[in-house]
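Subject: Structure for you to look at

Hi,

Here is the structure I promised to pass on. My notes follow below it.

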Amino acid sequence: MQVFCERKKIVGILSFIVTGIILIWGGVFFAEHFYALERNSFFAFHPDFLSAFNPWNPRPDMFPGEQHTPGLALLTASFAFQFFRTGYTALIAVILTGSMFSAVFTASLKRIWKRHIVLATAPLWATAYLFLAVSFKFPLHLVYALLWAGLLFLSATRIKNPTAGLVLSGLAGCCAVWLIGFAATMVFWLFYSVFFFCNTRFSYGRGILYGLFFIGIGLQPLAIGRIQAVNARQIYRSGFVEKWRTKGFGAQWHLYGLVKKTERLVMDGRYQEALEVANPYWFAHPCPIDDLITGRNTFYKRLSAQQIELRQWLAVYTKLALIGSHRINEDFFSYYRIPEIYDNLADISLPYFNKTKLIYDRLWGNSTGVYSQAMNLMELSGPDYFLLNESIPAALVCEQYDLAHKYIRLLESTLFYRKQATTYRKAAQLLRQPASMTDAEPEVLKTAAHLKELRNLGLITWMDKNGSIDLEMTELWKQNPASLENLEYLSLLDLLDKRLDKVAENIETYLALSHQTPPYHLPKAWQEMLFIMMQDTHIDIPTAVLPVIEQMQWDPNVLKQCRLFYQAREKYAGGGMTPAEITQRFGHTFAYNYYFRRFVDVTPSSPSTPGLAH
Amino acid sequence: MSSSIFSKYPLRKQNFDFKNFIFIISLTLLMACRTKFPAESENKMEPAPIFPAYASGISIPANIAPLNFVLPDSVPEAFVEISSSSCKQTFHIRHSMRFPQKTWKRLLQKAIQGTPDSLVIHIAARGKRTGFYRYMPLVWQIRPEKIDPYLTYRLVQPIDGAYQNLRLHERCLENFKVKILLSNSLMDNNCFNCHTYHNGDAGKMTVHLRKPSEGTLFFNGKQSSKIMVPNTLPKEIPDSLQMPLNLVYPAWHPKGKYIAFSTNILGTGGYAAHRRFINLLDSASNIVLYDTDSNQLFLDPCLWTHNYEETWPAWSPDGKWLYFCRTEKVKADTVIRYPDWSERVRHIGFDLCRIAFDAETGKFADTVQILLPSEPEKSYSVPRIHPEGRKILLCQALFNSVPYQAKGDLLLFDTADFTVKKVNRAETLNSEEAESWHEWSSNGHWLVFSSKRMDGHYAFPYIAYFDGENFSKPFLLPQEDGAYYQTVLRSFNLPTFTRNASPVRPHKAAQTRNQAARPLTIKYR
């Protein structure tokens, strides 16, 4: 009998340890399934949660939470949050219900022990936490970590003075969660095990009930987005994952995580970060990603179709990140990609239509396109707050204020989109009646300015996407002569085609649109162009450009690079340098493009250096 | 708090305290009964900010479900007093007003018995930091003429090509019960369109399925069948008339033997401009006549033409006329002038026409009568004939045959004098946004139509009373949750009245699509 009880106890403890490990593992490598990390949060809310569970008469027109990508996380969160829609009555109902369940848990025990009191009041704590979250935008992570760490620590260690235990262990748990992040979650699960080990009245059935209860609520600290982000970084830096991910299935899983992470960052508009995530892979596996996307892949021909597809996804998102980040790093290397990618739009959008098209349209300022893709995606995969959030700017850009307010209203009922939705509401008011908000917050002003910019950038009439990129860029520029971006795109094409005179013509307009006064600042590629104009005697410098050159604020790196390039060119003419060396050192510059035409020449047989991996 | 406190009070089984229980319940009931309209309140000379904005002056049928509404979230407390000649009730609400079904029926009792009545609604709402404001009373006219008790509609995404979750719903207008009739998740996720009933009888329905399981489904009571047009037309049809054949927009002949179908090939495309997220173009369309008894399809020379596009068939109630819309085929020079179809479509206008029909022989007359010729920025579509047969309600848009544009309006056309009166009697129904997909009730006193007036994007069903000459103000189809339309992300497409509940079930319909299609013979005459 004793052996049997011991076995039950061991099984119970093991079940918690295993559950903890699974959740932690899932949190790190499959965060997309467990947590709504792309929303940087665990929670999202929909008002008709229960109707989604009605099998007789489901309402597909409302928000079916179970269709969200992260599934489990949102389902649990939605369940918790639905009670906070109707205010205090529901709050009381939750407290009473929670307490009742807790009483049932503990009713079979003849005496109330302190840990059971703690357990009994756990729903109350959770409720209070949620209430604070919804109502007062409390510093939730901190409070929550404090509460849970304290309560569990107290339960597990059976400290004699519960108040002291609460304070000390709470602080300890809080520090643990915030400082060591991921490790704290492991400790968290160990506490459970210890608690059940210490509980002499443990039974298998009750253990399962406790387990379910804790999994339901206890997932939260594990799932808090920021902590996860910190954790993930720490894990990757620790080298533990590095070993695991380089071999066998581990590599495959890691790649999958990489794809999802890149996708998430790109979807969030964090292009530079997305590049940072994706780049190490391409540096380690130099491969022309265009070939992968277009299906002309030879580099990975030995792999299975599924494995290639995974790499295709990564390639697509890397490309989108490249396009998106061009404004950030102002690097010609990224600039160069834009028309190339534009030409390959059909190739990108064919296999991965909606999501990539959405990002692409967002990058090009085609708000209506973004809206259309968001709606199509929601049709395919169910309503989604992230996509609704994407749709608001589109509605505002198109001056459909009533429509925008509908989406804003929906998002304001969520926890983690509320702030942004409120900003959009104020920005909409500002756009509609500029005089109405004289003391608008900086964030609102910024959003309103961005929306105005989108209005300038957006197309006025429908354009035939089958036209050449030159025609389309010219049309864009014609329709929106006040858009700096359009001018940049158009000039970029001229740069690539070595039409320096045309770019020079546009410099004056560029300076006017960017409201510049001397000393002037131009994009790096344009600076390179002016440098080449001055150096190369074959080129006539337009007189209108001369004052600009005189009052230019040159980027010292550009100047240095150009000088080095000319030296290298002379070396190359004398046979002192090979084409590969030139490409390696100057492939990302305009000067290289001007003199050598193509600056990326990566073939499967001669993979390029990391710097040119794209 | 020390650990000894816990150990002092063991959990014991206690007897149930009945007295306390009764006290609490009584107290709760007393609290709940505090529904006296606030005496001290400031008057506001404006209607209450309710959603949906059911305005004063709307007419509602005696058998309609309660017109529930919500007040803004900023209202923490409100009183709603509703009265008719048969009943009066006051409600104390937070911000959502849901009338109990029984109370609602009592309020409408007199009208149900056949006497016109009116509902007067007084609303007093309190602000978060203010006292009560008493708004102007709302007066809703209750009409004894009953509305058809069921409404069938598709819920669609108002975006081109989005039909992953397409369902045909049947809503009972006397309460809030909704039933799914068709669901494309059971049918290869294909698109289906234009559910049409025979004289409002839900037992006889036709619906067109698109690829991959294309075909037209017929439901007659519990029987269902499928027809599919052949890929090629018979060789006796001249080459110039060899055109694509699909069965798209149907119209049942009143006697039920014939169905007129238009054969559209529709192209969709998005617009980047304001308010135009979608547009449709008929690239080829004619009208054919299907004989349900002999399973034959007749191509008539007046309606199967190579120089015109005919669409939107609709029968007169006596079955002697077929009304439809028609335009000349786009000429080559127009194509050259406007190579982009999205620009070209702006120069296409449809006329309202009719052609005589002999139901005995099943033949059309030789001439087509143009009732309402199109003009620049006036194109007509979707004619719906009033059950009395004299008046036609149709859409007038800037261009094209599909009234999706923001300027789509409803127009009442009187066939008695063959002109549109200077005053458009349907003007009451129109707004700045598109109105379309209208349908008369079987008694001709009620009209349902879709309008995008709420936000310019999602179309919702509005109901209006028609007294034979004029329309009253329309009201939004009531929902159980007053805030329903604030959260719904679907358009109500093609709302259609039926007099009875449909026997169609989604799984049955899904099985029908896999049935072998009945052989269809085509005759050109």
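Which residues of α21(A) meet which residues of α22(A)? Tyr385(A), Leu388(A), Asn389(A), Ser391(A), Ile392(A), Ala395(A) and Leu396(A) in α21(A) touch Leu403(A), Ala404(A), Tyr407(A), Ile408(A), Leu410(A) and Leu411(A) in α22(A). Two residues are in contact here if their C-beta atoms, placed from the backbone, lie within 7 Å. The residues of this contact comprise eleven nonpolar, two polar and no charged. Nonpolar means Ala, Val, Leu, Ile, Met, Phe, Trp, Tyr, Cys and Pro; charged means Asp, Glu, Lys and Arg; the others, Gly among them, are polar.

Before the rest, the ground rules. This is a predicted model, where local features need pLDDT of at least 70, side-chain atom pairs count only at pLDDT 80 or more, and totals for chains, interfaces and linings use all residues. Residues are numbered from 1 along each chain as its sequence is written, with chains lettered from A and ligands numbered from 1 in the order in which they are written.

**Chain A**

Chain A has 32 helices and zero strands. Both are DSSP runs numbered from the N terminus: helices are H or I with at least four residues, strands E with at least two. Of its 614 residues, 43% are buried. Buried means 20 or more other C-beta atoms within 10 Å of the residue's own, exposed means 12 or fewer, and partly exposed lies in between; these C-beta atoms too are placed from the backbone. Among chain A contacts with a separation of 6 or more, 62% link residues 24 or more positions apart.

Back to the helix pair. The axes of α21 (residues 385–397) and α22 (residues 401–412) of chain A come within 8 Å and cross at roughly 150°. That makes α21(A) roughly antiparallel to α22(A), a label for angles over 145 degrees. Axes are lines fitted to C-alpha atoms, for helices over the stretch in contact, and angles run from 0 to 180 degrees between N-to-C directions. The crossing is left-handed, with the near helix turned anticlockwise from the far one by less than a right angle.

**Chain B strands**

β31, β32, β33 and β34 of chain B form an open antiparallel sheet in that order. β31 (435–440) and β34 (475–476) of chain B are at the edges with a single partner strand each, so one side of each has no neighbour in the sheet. Strands pair if DSSP finds at least two bridges between them. Four bridges join β31(B) to β32 (residues 446–451) of chain B. Glu435(B) sits opposite Ser451(B) there.

β24 (residues 321–328) of chain B is largely enclosed by the rest of the structure, because seven of its eight residues are buried.

**Backbone points to check**

Most residues other than glycine have a negative phi, and most peptide bonds are trans. Trp437(B) has a positive phi of about 50°. Trp437(B) lies in β31(B) and is buried, with 24 C-beta neighbours. Glu377(B) has phi near 65° but is exposed. The Pro518(A)–Pro519(A) bond is cis, omega near 0°. Phe51(B)–Pro52(B) is cis too, omega near -5°.

Best wishes

Methods: Angles under 35 degrees count as roughly parallel, over 145 as roughly antiparallel, 65 to 115 as roughly perpendicular and the rest as oblique.
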